[in-house]
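Dear colleague,

I am handing over the structure that follows below, and after it I set out what was found. Please keep the model open while you read, so that you can look up each place as it is named.

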Amino acid sequence: SPFSFLYLLVVLDAAIIGSLKLSLLLATLSFCFFTSHLLLKYLLVAKASFDLLSLKSAATPLLSHLFGVYLLAILAGRLAKLLEYAEQEALSMRSDLAELSYQHTAILESLPLGVLTFDNNDCIKMVNQAASIILEQSKSELIGSKLTPSIRKFIRQSGGNGELQIDNEECTRTLKLTCATV
């Protein structure tokens with residue numbers, strides 16, 4: 001019957017919102033309502049007598065409804081538990097990731113060596129304080145900007161390993177660079 005689908009939705013909602021016990025309770029109630037609905041259909045609407053043929057024709061939908069409703073309750077309850085566990089794990093991993101990010105930043109900032117990272121488009125993504133001092137620019141100026149043409153050329157020609165001379169208005173500086181793919 002079209003109402004069978006509504007019974008399944010109630011059981012599914014109970015499993016998602018409540019728990020396995022609640023979904024099994026509602027599956028039992030759903031089965032009782034469906035059984036009474038089917039009995040009323042056979043007794044009042046069809047005015048069928050309870051002979052062997054009508055019992056056989058009533059047993060098939062009853063058993064399939066019983067099996068379907070309880071199977072849905074058990075599977076949806078299990079799925080709800082797994083979803084809750086996955087949410088807890090995601091929260092735990094998010095917390096762990098935040099802690100690792102904090103440690104990563106603390107380690108890079110404590111290094112006396114200048115460290116900067118950039119993407120494939122030569123856009124600077126991260127700079128530690130030592131690199132900011134060496135390049136004589138603030139971190140906020142460096143992050144998001146492109147590598148200077150001299151650094152880009154050096155990386156392409158030497159693979160990023162060796163010494164690079166940088167000339168500015170006041171002096172010439174020699175930087176020892178090492179590139180590593182991350």
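How much accessible surface does the chain have, and what share of it belongs to carbon and sulfur atoms? The accessible surface comes to about 13200 Å², and 66% of it belongs to carbon and sulfur atoms, where areas come from the Shrake-Rupley method with a 1.4 Å probe and, for residues, only the protein chains shown count as cover.

Before going further, please note that this is a predicted model, in which local features need pLDDT of at least 70 and side-chain atom pairs count only at pLDDT 80 or more, while totals for chains, interfaces and linings use all residues. Residues are numbered from 1 along each chain as its sequence is written, and side-chain values use heavy atoms, with hydrogens and water left out.

**The chain as a whole**

The chain has 6 helices and 4 strands, which are DSSP runs numbered from the N terminus (helices: H or I, at least four residues; strands: E, at least two). Read from the N terminus, their order is α-α-α-β-β-α-α-α-β-β. Of the 182 residues, 21% count as buried, a term that stands for under 20% relative accessible area, with exposed meaning over 50% and partly exposed in between (1.4 Å probe, protein chains only). Among contacts (heavy atoms within 4.5 Å) with a separation of 6 or more, 37% are between residues 24 or more positions apart.

**The nonpolar core**

In soluble globular proteins, nonpolar side chains tend to be buried together. A nonpolar core is here a set of buried Ala, Val, Leu, Ile, Met, Phe, Trp, Tyr and Cys residues joined through side-chain atoms within 4.5 Å. The largest one in this model has 9 residues, namely I124, V127, A131, L142, L147, I151, F154, I155 and L164. Strand β2 (124-127) and helix α6 (149-158) each supply at least two residues of this core, and the largest share, 3 residues, comes from α6. If residues up to four places away in sequence are not counted, I155 touches F118, L147, G160 and C179.

**Two pockets**

A pocket is, on a 1 Å grid over the protein atoms alone, an open set of points where a 1.4 Å probe fits, with protein on both sides within 12 Å along at least five of seven lines, and its lining residues have an atom within 4 Å of a point. Grid points are joined across faces, edges and corners, and a volume is the space filled by probe spheres set on the points.

The largest pocket holds about 860 Å³ of space. It is lined by 24 residues, and G114, V115, L116, T178 and C179 lie nearest its centre. Two or more lining residues come from each of β1 (116-118), α4 (129-135), α6 and β4 (172-177). By class, this lining has 16 nonpolar, 5 polar and 3 charged residues, where Ala, Val, Leu, Ile, Met, Phe, Trp, Tyr, Cys and Pro count as nonpolar, Asp, Glu, Lys and Arg as charged, and the others, Gly among them, as polar.

The second largest pocket holds about 310 Å³. Of its 19 lining residues, L135, E136, Q137, T148 and I166 lie nearest its centre, and the elements giving two or more residues to the lining are α4, α6 and β4. This lining divides into 9 nonpolar, 5 polar and 5 charged residues.

**Single residues to look up**

T178 sits in the segment after β4 and is exposed, because its relative accessible area is 70%. Leaving aside neighbours within four places in sequence, T178 is in contact with G160 and N161.

Finally, A106 lies in helix α3 (residues 52-110) and is partly exposed, with a relative accessible area of 37%.

With best wishes
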